[in-house]
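Trainee: Hi, could you walk me through this one? I'm new to it.

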Amino acid sequence: NDNVGKCQWLRGVLVLRAMKGEGEGGGARSVAISGSYDHTLRVWDIDSGSSSGPSNGDAVEEEDRCLSILDHGFPVESLLLLPPCPATNAPRVASVGGTRVKVWNPLTGECLAEVSTLHSKTITSLVLVTIVRNAGESDGEGPGEIKTDLRLLTAGLDGLIRIHGAGCLLLPPASSPSEGGGDTHLTFPYLHGFRTPHPITSLAVSPDNTRIAIGHSTGRVSIRQRAKLIRQNVSSSSGGKRKFAPPRPGTFAYFARGANVSADADDHVVVLERRKKLRTYDFLLRKFQYGDAVDEALKTRNPETVVAILEELSKRRGLTQALSNRDEETLEPLLAFTARYVARPRYSLVLTGVAGMLCDIYGDFVGQSEVVDECFEKLRWSVREECRVRRTLAGLVGMIDAVVWRAAAAADASEEDAEG
């Protein structure tokens, strides 16, 4: 039989076995809990084969099957079955809609808790995650105590995943004679969260609670993974290190506490990028030691670096200072570099000016050093050879222009003959 009722756009259905009350003869029965866009949760009796009330229509039968109606206050997006109450074994169900999460006792219709989610848009899904924690090694007698904790994860259209503590679901509730030992206060404190680049439409967790699958509105599914056993207060790279007594207040150690603490295995470590160290020639440029900067650039034997330094000095109007006051040992590498690369089209624009300045500064000292004279001779030969190649190319361009002009003239003459 279909339990339709008057709910619209069902978004979630849960089926569970619940204990009957004392007036109903005890035992257990199966109930279905549905959540829909009409802002309500409805609890249905799915065990009874026929209606207990008068059978005068489908509406009456549906009302008899609907045990209770719970008002969430917003369109319900999803439902989640929570662990039952440890004391009374009463079932607990969580519903999400809008920016609210509510925890219900579906049999009594009582709202046990309302979670503050800090979402700015509609929550679309929620899951319950079990975390196994190791408190670290004990006092030399073996491994420490293994603890289990619960986390309630909510995800919404704002692209945020909020993580709330749900350890209260494992604790026995506070009881009083008037309340009969039921759930009095369930608290789900907000712990932390993270942002995703797109709105989230669905959320799922693997059976071992180590992977979380996130479905986005763009059709993309992203998966995140964490350690199966999270060790607390124990560094991921340290074994059984000696424990020191906490520092006393008022001492420098107390003021600087935490500076050398190693990260836990579940901590997110932010690695700061170190500032790039300046090259020697960059440091000399900052100190305005232009001549030494050129010498350091020449030692790299990288023409791009040397030309870049010379171009930078030209912009700073410090090229004359960098080329002046050189002896035979410091002038020879610069002349040799200029003579070798002055004919390269990639560097000729800068090195042509450098060659002219070298000739102006050291032209009067030609004949005093054989090494310098040889470098100037190589520079002269390179420039002369480049000029010869340029003249040859210019003559070739002129010949090509003459041939092209003659061909064009012949074509024009043939067209005039054809028209005449």
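Trainee: Which residues of helix 9 are buried?

Mentor: Val372, Cys375, Phe376, Leu379 and Ser382 are the buried residues of helix 9. Buried means under 20% relative accessible area, exposed over 50%, partly exposed in between (1.4 Å probe, protein chains only). Helices (H or I, at least four residues) and strands (E, at least two) are DSSP runs, numbered from the N terminus.

Trainee: And what covers them?

Mentor: The cover includes helix 7 (328-341) and helix 8 (348-362).

Trainee: Where do these numbers come from?

Mentor: This is a predicted model, where local features need pLDDT of at least 70, side-chain atom pairs count only at pLDDT 80 or more, and totals for chains, interfaces and linings use all residues. Residues are numbered from 1 along each chain as its sequence is written, and side-chain values use heavy atoms, with hydrogens and water left out.

Trainee: OK, which residues have the most contacts inside the largest nonpolar core?

Mentor: Val294, Leu313 and Leu358 do, in a core of 33 residues. Such a core is a set of buried Ala, Val, Leu, Ile, Met, Phe, Trp, Tyr and Cys residues joined through side-chain atoms within 4.5 Å. Helix 7 gives the most to this core, with six residues.

Trainee: What is Leu358 in contact with?

Mentor: Leaving aside neighbours within four places in sequence, Leu358 is in contact (heavy atoms within 4.5 Å) with Leu323, Leu331, Leu334, Leu335, Thr338, Gly363 and Phe376.

Trainee: New topic: is His216 buried or exposed?

Mentor: His216 is buried, because its relative accessible area is 8%. His216 sits in strand 14 (residues 211-216).
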